[in-house]
Amino acid sequence: MTWEDVKQWVVDRKRALIAKAPWITMGRFLAIFYVGAILCVTFVAVPDQRDRSFVLAARYLGPNTRMARTLWIEPRGQSLSDRIERDRLEEELLGKYVRRPIEGGAPIARADVMPWPDVPDEDVVPVLLDGEPDWMMLNQGSTVEVWIGPKAATPHYALVQAIVTSDTKWIALLRRSDFAPDMLGNPGDKPTLRLVRFPHKPPPPPPPKP
Amino acid sequence: MLSTFLTQLQNYFSKYFVIGSFFPMLTFTFLNGLIAYPLVGAWRSWANANILQASAGGAAFFTASIVVAIVLAAYVLAALSTFLRRMLEGQWSEGFRKLFVPAQNRRREAIVKRLTEAGMEMADLAYAPKWNEGIGAAWTEGRQNYPDEVWAPDPDPIRASLAELEDKFTKYEFVPAGKLQEIANTIANALKSHNMDKSPRLDEHYRKLTGLIQYADDRARGRYARLQNELNSNFGAQEIAPTKMGNVANTIQGYVMRRYHCNFETVWSNLQRIVPKDDKANAALQEAKTQLDFLVACYWLTLLSAVLWSIVFALIDPSRLSLLLASLGGPALAYMWYRAAAEQYRSFADVAMTSFDTFRFDLLREMRLKPPVDIEDERWIWENLDRLTTFGESQNFQYEPPKQT
């Protein structure tokens, strides 16, 4: 096949295309080709800005903390494109759970959250809340006491493991070991939660004894 | 301060420079600076330090420096305006032109085809008087030979055909001559064996037919004129240009050639010396040209801005969304400027043609040539002047001395 054959083949294909779609002109063909090239370059060669976007933690966030707007601060001095991507990040963070401990003021990215809490493999007690809590105060790491009627069901307070939602109900997950053994015999009992301490960073473990 | 500056600028430069080159350059510099402010930290810091948060003296110095730079850039833009306009007119290399001329040719052929159809429709409708004669003869024949025959068929074949055409009339659609002729023949055939004076329905059909023929004729003439104007205002008589704007530019030459057999390109610069003698005509010509220059400048500055920002967002500060906006939105906006410029070129062409119509005799007088006595004489003068000027053929003209005042 010579170069002349190739040229003739191209000319024949062009004539056939024009016969089928006379609205295709060289200008429109070049415009379509240009748009396709730009899209290819944009999505293949230009890095995804999404991976660079982040927000800052408003306080210490323990693992399984449920994310809400009050728990992060928007970083300042970002460019317009960064701000657009950050808005997308914030939409994706809402309602997710922190994957690892994050210090106050540290950046939070997409990789730091997960869709469902990773609760330890032990028995949990679900306690129904009256409504959506204030996430800054009542979240994973909050210290609470549970009452069933006039009696305290938790002799030494309990640590909230996570707060999950089912339809419109909000449920706090507490360790069964935090409850008095004889307080959970009646399934009809409705425990109520009372906040004792805000979520805080746990103290460092004591050094091992020599 | 800005108004004082603009007044001073007008004293040194014409208002056409200010509008056609300075304003576009000023606007695009300002807009690009505004876009860069939140995106480029170095520019934001410099602008804050030297303009926005600087002392009055410092801000004035830097602002004036920027404006001077803009004036210089606008001057360069003005110097390049002819070249930039010719680029949009399609003054490219032959190989590149060949890729785009076929599409423009197809556009032209589509108009010519519709024009031909309208012409044929007009030619068919020109036979309408003959149809009326046929009906008249049939009416006489029927009245003489069948004085008592009444035409009242059921169903009425002519009513259905007329109703279809009346529906087209109501919707302001075209009524084909062929259908009208068919109905005329049907009425004539009916009249040959009936007495129309005793057949009110036939009479009514004939009156409706007459109205429809008049409507069809008016529409066909109007359509023909409109298509002819569309062809003349979009394409010249000479070689087809690869761009819409180039073809609009050719309409000036096409008109002058068609009307006067004059090669406009050889007399255009001479005409530009004549027109300023009439202030109003000169103002109209310069205004049209300035608006054209303004739009051409906006096109190229938009394209330049899009290219620069595309490079920034692709290589320096990579961002997919911003790259798409710059590389797709910018050219789309530039294309809108181009379409506006092409339409403005039509206005400029109208003014240029009018200028030639008005000042062509003054042009001949400036060349010391005798004014023509009639149209044919004028055409002879322009044709032979072109042969002399363009091809150097041996042509002789008698000079006329200027009149002593």
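Visitor: Among contacts in chain B between residues at least 6 apart in sequence, what percentage join residues at least 24 apart?
Guide: Contact means heavy atoms within 4.5 Å. Take the pairs in chain B that are at least 6 apart in sequence. The share joining residues at least 24 apart is 72%.

Visitor: What kind of model is this, and how are residues numbered?
Guide: This is a predicted model, in which local features need pLDDT of at least 70, side-chain atom pairs count only at pLDDT 80 or more, and totals for chains, interfaces and linings use all residues. Side-chain values use heavy atoms, without hydrogens and water, chains are lettered from A and ligands numbered from 1 in the order written, and residues are numbered along each chain as its sequence is written, from 1.

Visitor: How many helices and strands does chain B have?
Guide: Helices (H or I, at least four residues) and strands (E, at least two) are DSSP runs, numbered from the N terminus. Along the sequence, chain B reads α-α-α-α-α-α-α-α-α-α-α-α-α-α. The count is 14 helices and zero strands.

Visitor: What percentage of the residues of chain B count as buried?
Guide: Buried means under 20% relative accessible area, exposed over 50%, and partly exposed in between (1.4 Å probe, protein chains only). Chain B has 405 residues. The buried part is 38%.

Visitor: Where does helix 10 of chain B bend?
Guide: The helix reaches 25 Å from its first C-alpha to its last, close to the 24 Å expected at 1.5 Å a residue. The expected span is 1.5 Å times one less than the number of residues. A bend is the angle between axes fitted to the seven residues ending at a residue and the seven starting there. For helix 10 of chain B it is about 25°, at B:Thr251.

Visitor: Which residue follows helix 10 of chain B?
Guide: Its phi is positive, near 60°. The residue is B:His261.

Visitor: Which residue pairs with A:Arg86 in a salt bridge at 3.7 Å?
Guide: A salt bridge is a side-chain nitrogen of Lys or Arg within 4 Å of a carboxyl oxygen of Asp or Glu. Both partners lie in helix 3 (residues 80-93) of chain A, four residues apart, about one turn. The partner of A:Arg86 is A:Glu90.

Visitor: Is A:Asp112 buried or exposed?
Guide: The side chains of A:Asp112 and A:Arg100 meet in a salt bridge (3.1 Å, N to O). The pair links distant parts of the chain, twelve residues apart. A:Arg100 is partly exposed, at 38% relative accessible area. With 11%, A:Asp112 is buried.

Visitor: What is the area buried between chain A and chain B?
Guide: Buried area is the accessible area (1.4 Å probe) that two parts lose on being put together, summed over both. The contact takes 24 residues from chain A and 18 residues from chain B. Carbon and sulfur atoms give 66% of the area. The total is about 1,800 Å².

Visitor: How many salt bridges are there between chain A and chain B?
Guide: Over all chains, the count comes to 34 salt bridges. Between chain A and chain B, the count is zero.
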